[in-house]
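Subject: Structure handover and notes

Hi,

Here is the structure I promised to pass on. Please open it alongside this email.

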Amino acid sequence: MKKCFRVLRSLMLLVMIVCICSGFAVVGKGYEAYREAVEETGLEEKVLAIREKESFTEYEDLPEIYIQAVIAVEDKRFENHIGVDPIAICRAVRNDILAGRFVEGGSTITQQLAKNLYFGQDKDLVRKVAEVFVALDLERNYSKEEIFELYVNGIYFGDGYYDVGSASAGYFGKEPEDMTDYECTLLAGIPNAPSVYAPTKNPELAAKRQLKVVERMEVCGYFSTEEAETVAETASLVAGIVR
């Protein structure tokens, strides 16, 4: 029995050593990928490309409800983390293990911006590590307001709209600053899956995603129960959903 226990302990130790070594190897490769990316095109150059968009919208011109909606549904600890959210990462790892595949990334708004600036959509561990290094760079060099501003000016909203300004104009015929609470919450939900949630393609699915956004806003304290109900009722009526 003691011999079996010693063998089992040795095997567990070996597995731990292999995992640690593998982890260091992935981090090393991720850092190399990050260095190659920023050396090819500097962060300032990437940021400038977004800011030079004709439809670029400044943070001050975004409705507070829209900002709150995006944070609630994408990254509720955005204001407090340093670019990565350990709590979200642990939750994502647990869910990925239970599913036996990548189903959740745990990415913050800063990490998503890093991915959009430099990397593709592939769910690869090395790329995820590289993304973290870029996110840390972003947090060191830009304010939270600037990071949020760059994020919403560089994400896809479906129907050929690649920033919040063009999406607001295309879907609602107005500037972002003039969006209603209903429009803000609808727009906040689209980038999660633009081909699915674009209101011109799937109005019912877009509304269901919007209801999720409203629910998250209530949980995060941005909406009272009454305010959440008002927006949710409007969304349901527009899409013809029975609640």
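Below are my notes, from the overall fold down to single residues.

**Overall**

Please keep in mind that this is a predicted model. The protein chain has 243 residues, and 44% of them count as buried. Its secondary structure is twelve helices and zero strands. Read from the N terminus, the order is therefore simply α-α-α-α-α-α-α-α-α-α-α-α. Take the contacts in the chain with a separation of 6 or more: residues 24 or more positions apart account for 63% of them. The accessible surface comes to about 13,600 Å². Carbon and sulfur atoms hold 56% of that surface.

**The core and helix H3**

The largest nonpolar core has 54 residues. Which of them touch the most other members? They are Tyr66, Leu138, Phe148, Phe157, Tyr171 and Leu187. Helix H3 (residues 64-74) gives the most to this core, with eight residues.

Start with Tyr66. Leaving aside neighbours within four places in sequence, Tyr66 is in contact with Phe148, Val152, Phe157, Val164, Met179, Cys184, Leu187 and Ala188.

Then look at Ile65, which sits in helix H3. Ile65 has a relative accessible area of 17%, so it counts as buried. Not counting residues up to four places away in sequence, Ile65 touches Asp181, Cys184, Thr185, Met217 and Phe223. Ile65 and Ala188 are 123 residues apart in sequence. In space, their C-alpha atoms are 9.7 Å apart.

**Helix H6**

Helix H6 covers residues 125-141, which is 17 residues. From first C-alpha to last, H6 reaches 25 Å, close to the 24 Å expected. Its buried residues are Arg127, Lys128, Val129, Ala130, Glu131, Val134, Ala135, Asp137, Leu138 and Glu139. Note the charged residues in that list. Among them, Arg127, Lys128 and Glu131 are linked in a network of salt bridges.

Asp137 has a partner too. The side chains of Asp137 and Arg140 meet in a salt bridge (2.2 Å, N to O). Both lie in H6, three residues apart, about one turn of the helix. An α-helix has 3.6 residues a turn, so residues three or four places apart point the same way. Are the two partners buried or exposed? Asp137 is buried, with a relative accessible area of 13%. Arg140 counts as exposed, because its relative accessibility is 59%.

**Other salt bridges**

How many salt bridges are there in total? The count comes to twelve. Two further examples follow.

The side chains of Asp159 and Lys201 form a salt bridge (2.4 Å, N to O). Asp159 lies in the loop between helix H7 (144-152) and helix H8 (164-172), and Lys201 lies in the loop between helix H10 (194-197) and H11, so the pair ties together parts that are 42 residues apart in sequence. Asp159 counts as partly exposed, at 30% relative accessibility.

Lys174 and Glu183 also meet through their side chains in a salt bridge (3.1 Å, N to O). Lys174 counts as partly exposed, at 24% relative accessibility. Glu183 counts as buried, at 11%.

**Helix H11 and Arg216**

Helix H11 spans residues 203-219. H11 has 17 residues and reaches 24 Å from its first C-alpha to its last, close to the 24 Å expected at 1.5 Å a residue. Buried in H11 are Ala206, Ala207, Arg209, Gln210, Leu211, Val213, Val214, Arg216 and Met217. Just after H11, Gly221 takes a positive phi of about 90°.

Arg216 deserves a look of its own. What is the nearest side chain of opposite charge to Arg216? That is Glu215, 6.2 Å away. A salt bridge needs nitrogen and carboxyl oxygen within 4 Å. Arg216 is buried yet has no salt bridge. Not counting residues up to four places away in sequence, Arg216 touches Ala72, Val73 and Lys76.

**Where to look in the viewer**

- Tyr66, one of the residues that touch the most other members of the core.
- Asp159 and Lys201, the salt bridge from loop to loop.
- Arg216, buried with no salt bridge.

Best wishes

Notes. Residues numbered from 1 in each chain as written. Predicted model: local features only at pLDDT ≥ 70, side-chain atom pairs only at ≥ 80, totals over all residues. Heavy atoms only, no water. Helix = DSSP H or I, 4+ residues; strand = E, 2+ residues; numbered from the N terminus. Buried < 20%, exposed > 50% of the residue type's maximum accessible area, 1.4 Å probe, protein only. Contact = heavy atoms within 4.5 Å. Areas by Shrake-Rupley, 256 points an atom, 1.4 Å probe, with all protein chains shown as cover. Expected span 1.5 Å × (residues − 1). Lys, Arg positive; Asp, Glu negative; His and termini not counted. Core = buried A, V, L, I, M, F, W, Y, C linked by side-chain atoms within 4.5 Å.
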